[in-house]
Amino acid sequence: MFYYLFDWLSTNKMLPGAGVFKYISFRAALAILTSLIISAVLGKRIIAFLHRKQVGETVRDLGLQGQSEKQGTPTMGGLIIIFAIIIPTLLFAKLHNVYIILMIVTTIWLGLIGFLDDYIKVFKKDKEGLAAKFKIIGQVGIGLIVGITLYCNNSVVVKERVVSNIAEAYQNDGNPQNQSLMKIPQYAKYDSKSIKTTIPFVKNNEFDYAYLVKFMGDNYRKWAWLVFIPIVIVIITAVSNGANITDGIDGLATGTSAIIGVTLGILAYVSGNTVFADYLNIMYLPHTGELVVFIAAFVGACVGFLWYNSFPAQVFMGDTGSLALGGIIAVFAIAIRKELLIPVLCGVFLVENLSVMIQVSYFKYTKKKYGAGRRVFLMSPLHHHYQKKGIHEAKIVARFWIVGIMCAVLAIATLKLR
């Protein structure tokens, strides 16, 4: 909202300094500060409200150290995160931008699914919460919305490079007088629709999903949605569930999400800037730079929530927060064509997910073969395995954060590491 106000003041009233709101970096800084303030101020009030309503966590006895102390800790704290993301985005982002609209819809949609799950657990006293099939239906629903929008919307485009870099431009133009005109990358005059994505660690790393249906004949591109939309659905479902599984001890999912958010912000900024995109030899994606404002609010919300969620937690985010965080990360990565980087960037989520899959699969296999189920881990997800080994949860969280930072650095390194 402020963007439009100050744009009008700058254009029509010539107000000195109003033009600074045109800069993404300035609005991103305001977004992160605002989200931190909202988390701190609103968080305290929401926690007090949850205490009054006795919206406390019912902890199942898993035999973990310090588990009993968590009984009654307020849950549904994900509301703090959602408000701290949505409000700064509405204030500082360009609300007509299709990517911003998608991120807002994703946040609210998955937040509502998580809220419904928490509500059933807390107020209906049903420990199972929302049935898994309804969660999946909700995740598939937002996947369809995101996939169809990214495939069909005319604002979701790429800009093809005409001349790949300045050195090549000099090579192709022997007239020294024209070299002064080649100080910025040269791109096609018109945007082009494409469902290309980026393959990490590969030179000339653009991959078009349409190639997967090339067997369908000369008009194969019109059938590309048959693979693109299902891939989007699978990614959103997997990452949102991964964040949900990771949210098992104080501060783990929140801190990991903040680290991922910072990395996604860097990737979005360079993808939406012609100079950086050309220098790094990555796709230039018009309009995606605006996503930096959103992800700044996301990071601020996560860091602000850590004030209350770090050990010993005063509030849990519940599914209200964890499903939304995972969905936001997935949709954001897809929007900036970095979804194939998710296994690296979201390494902590991936390992947590895999630990559950391995544990359940091996238990079922050995039960069928030997008559008694056996386990690979002392308990899954993986963070509970380390708790069972007697490691304090604060140390587990810190070590998982370190792994998350290493994954983030590796993800950023893929911009040049090919």
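R221 is partly exposed because its relative accessible area is 43%, where partly exposed is the range between buried, under 20%, and exposed, over 50% (1.4 Å probe, protein chains only). The side chain of R221 meets that of D208 in a salt bridge, 2.7 Å from N to O. A salt bridge here is a side-chain nitrogen of Lys or Arg within 4 Å of a carboxyl oxygen of Asp or Glu. Please keep in mind that this is a predicted model, in which local features need pLDDT of at least 70, side-chain atom pairs count only at pLDDT 80 or more, and totals for chains, interfaces and linings use all residues. Residues are numbered from 1 along each chain as its sequence is written, and side-chain values use heavy atoms, with hydrogens and water left out.

**Salt bridges**

- Searching the whole structure turns up 7 salt bridges.
- D208 counts as buried because its relative accessibility is 4%.
- K196 and E206 form a salt bridge through their side chains, at 3.6 Å from N to O.
- K196 sits in strand β3 (residues 196-198) and E206 in strand β4 (residues 206-208), so this pair ties together parts that are 10 residues apart in sequence. Helices (H or I, at least four residues) and strands (E, at least two) are DSSP runs, numbered from the N terminus.
- E206 is partly exposed, given a relative accessible area of 33%.
- D117 and K121 make a salt bridge in which the closest N and O atoms are 3.1 Å apart.
- Both D117 and K121 belong to helix α4 (residues 98-123), where they are 4 residues apart, about one turn of the helix.
- D117 counts as buried because its relative accessibility is 0%, while K121 is partly exposed with a relative accessible area of 28%.

**Helix α13 and its packing partners**

- Two packed helices are described by the angle between their axes and the distance between the axes.
- Helix α13 (residues 347-370) and helix α15 (residues 393-413) have axes that come within 8 Å and cross at roughly 120°. Axes are lines fitted to C-alpha atoms, for helices over the stretch in contact, and angles run from 0 to 180 degrees between N-to-C directions.
- That angle makes α13 oblique to α15. Under 35 degrees counts as roughly parallel, over 145 as roughly antiparallel, 65 to 115 as roughly perpendicular, and the rest as oblique.
- On the α13 side, the contact involves G347, V348 and E352, and on the α15 side F400, V403, G404 and C407. Contact means heavy atoms within 4.5 Å.
- Helix α8 (residues 252-271) packs with α13 at an angle of about 140°, their axes being 10 Å apart.
- α8 is therefore oblique to α13.
- L252, T256, S257 and I260 of α8 make this contact with V348, F349 and E352 of α13.

**A nonpolar surface patch**

- A nonpolar patch on the surface is formed by L350, L354, M357, I358, Y362, Y365 and V376, which together have about 620 Å² of accessible area.
- Patches are made of residues with over 30% relative accessible area and no salt bridge; like charges are joined within 9 Å, and nonpolar side chains (Val, Leu, Ile, Met, Phe, Trp, Tyr) within 5 Å. Accessible areas come from the Shrake-Rupley method with a 1.4 Å probe, and for residues only the protein chains shown count as cover.
- Y362 lies in helix α13 and counts as partly exposed because its relative accessibility is 32%.

**Individual residues to look up**

- S10 is part of helix α1 (residues 2-12) and counts as buried at 17% relative accessibility.
- Not counting residues up to four places away in sequence, S10 touches L15, A18, G19 and K22.
- S380 has its place in the loop between α13 and α14 (382-388).
- With neighbours within four places in sequence left aside, S380 is in contact with S355, V356 and Q359.
- S380 and L415 are 35 residues apart in sequence and 34 Å apart in space, C-alpha to C-alpha.
- I412 belongs to helix α15 and is partly exposed at 28% relative accessibility.
- I412 touches T263 and I266, not counting residues up to four places away in sequence.
- I412 and I145 are 267 residues apart along the chain, and their C-alpha atoms are separated by 29 Å.
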